[in-house]
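This report describes the fold and selected local features of one protein chain. The sequence and the structure are shown below.

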Amino acid sequence: MTSPLLKLLAENQWADFQPLMDEIQHWSHWPVFMGALTHLNRDALYDSRVHGLGHIERTMLHGAFCAMYDGLDEGDTALLLDCCAYHDVGRVNDSVDHLHGHRSAQRLAALTGRGGEELNMMMAAVDAHSRPESDLIPTLQGYHPAQWERCLRLAQLLKDADGLDRVRIFDLDVSHLRREESRRREGFAEYLFGRYQRLIGAPLRPPFPEELTRKLEQRQSERNQRRHRQPRFEG
Ligand SMILES: [Fe+2]
């Protein structure tokens, strides 16, 4: 089987997260997710242990949870999953790169066969996903979406789905996630990443480019310092 996630789903053993996985597998749009995962164009993905197939499959599952808890209809669920599938195809390396979303967006028509306003919203969301948070709104506005709230929701849910898989680089700060339901799934994101890595025989920490390693170590130490400044018990 070419998909480790499909293998995990076929095993259907999720320990403490079984109720969560049972819930989503009974969701009315679960077949949309299974179709998207089965037909994912794996050859188009960026070939990398940080932003490659594993990250994309996990982001798609996180995206399915985002769609379920946000109450997306079938069409927008499929749209969000297409965004999750191809948001990183424009990557040229694993480093910080605010423009890879823009490059990915240029390939979405060919990869998904979508057109019109659906394509426009998808391009906006994918373009925005790699830019700083302060650029989210202006980037979306640049695409002049016909349905603003729909486009914004798509972009926010893509960011949450992608963000949850930051556990793989030990750099998930749940306060950056946009939905409370997403923040509650940090433990699941860690568990999913661990299961996935064990299945494919990969280490828990992939070999990062030097620049990324330095950045992560700095962030971790800043987070530790903040934690030590906080009172241990709330009174
Ligand atoms: Fe990503």
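A residue is termed buried if 20 or more other C-beta atoms lie within 10 Å of its own, exposed if 12 or fewer do, and partly exposed in between, with C-beta atoms placed from the backbone. The structure is a predicted model, in which local features need pLDDT of at least 70 and side-chain atom pairs count only at pLDDT 80 or more, while totals for chains, interfaces and linings use all residues. Residues are numbered from 1 along each chain as its sequence is written.

## Overall architecture

The protein chain has 13 helices and 0 strands. The order of elements from the N terminus is accordingly written α-α-α-α-α-α-α-α-α-α-α-α-α.

Along the principal axes, the C-alpha atoms of the protein chain fill a box of roughly 50 × 40 × 40 Å. Of the 235 residues, 36% are buried. Two residues are in contact if their C-beta atoms, placed from the backbone, lie within 7 Å. Among contacts between residues at least 6 apart in sequence, 64% join residues at least 24 apart.

## Loop residues

The loop between α1 (4-11) and α2 (18-25) holds Asn 12, and Ala 15 lies in the loop between α1 and α2 as well. Asn 12 has a positive phi of about 55 degrees although it is not a glycine. Ala 15, also not a glycine, has a positive phi of about 50 degrees. Asn 12 is exposed because 10 other C-beta atoms lie within 10 Å; Ala 15 counts as exposed with 8 C-beta neighbours inside 10 Å.

Asp 73 is placed in the loop between α4 (53-70) and α5. With 11 other C-beta atoms within 10 Å, Asp 73 is exposed. The C-alpha atoms of Asp 73 and Ser 28 are separated by 9.6 Å, although these residues are 45 apart along the chain.

## Helix packing

Two packed helices are described by the angle between their axes and the distance between the axes. Axes are lines fitted to C-alpha atoms, for helices over the stretch in contact, and angles run from 0 to 180 degrees between N-to-C directions. Angles under 35 degrees count as roughly parallel, over 145 as roughly antiparallel, 65 to 115 as roughly perpendicular and the rest as oblique.

The axes of α5 (residues 74-86) and α8 (residues 116-129) come within 10 Å and cross at roughly 45 degrees, so α5 and α8 are oblique to each other. In this contact, Leu 79, Asp 82 and Cys 83 of α5 meet Glu 118, Met 122, Ala 125 and Val 126 of α8. The residues of the contact divide into 5 nonpolar, no polar and 2 charged. Here Ala, Val, Leu, Ile, Met, Phe, Trp, Tyr, Cys and Pro count as nonpolar, Asp, Glu, Lys and Arg as charged, and the others, Gly among them, as polar.

The axes of α1 and α12 (residues 186-200) come within 10 Å and cross at roughly 110 degrees; α1 and α12 are therefore roughly perpendicular to each other. Pro 4, Lys 7 and Leu 8 in α1 meet Arg 195, Tyr 196, Leu 199 and Ile 200 in α12. The residues of the contact of α1 with α12 comprise 5 nonpolar, no polar and 2 charged.

Definitions and conventions. Helices (H or I, at least four residues) and strands (E, at least two) are DSSP runs, numbered from the N terminus.
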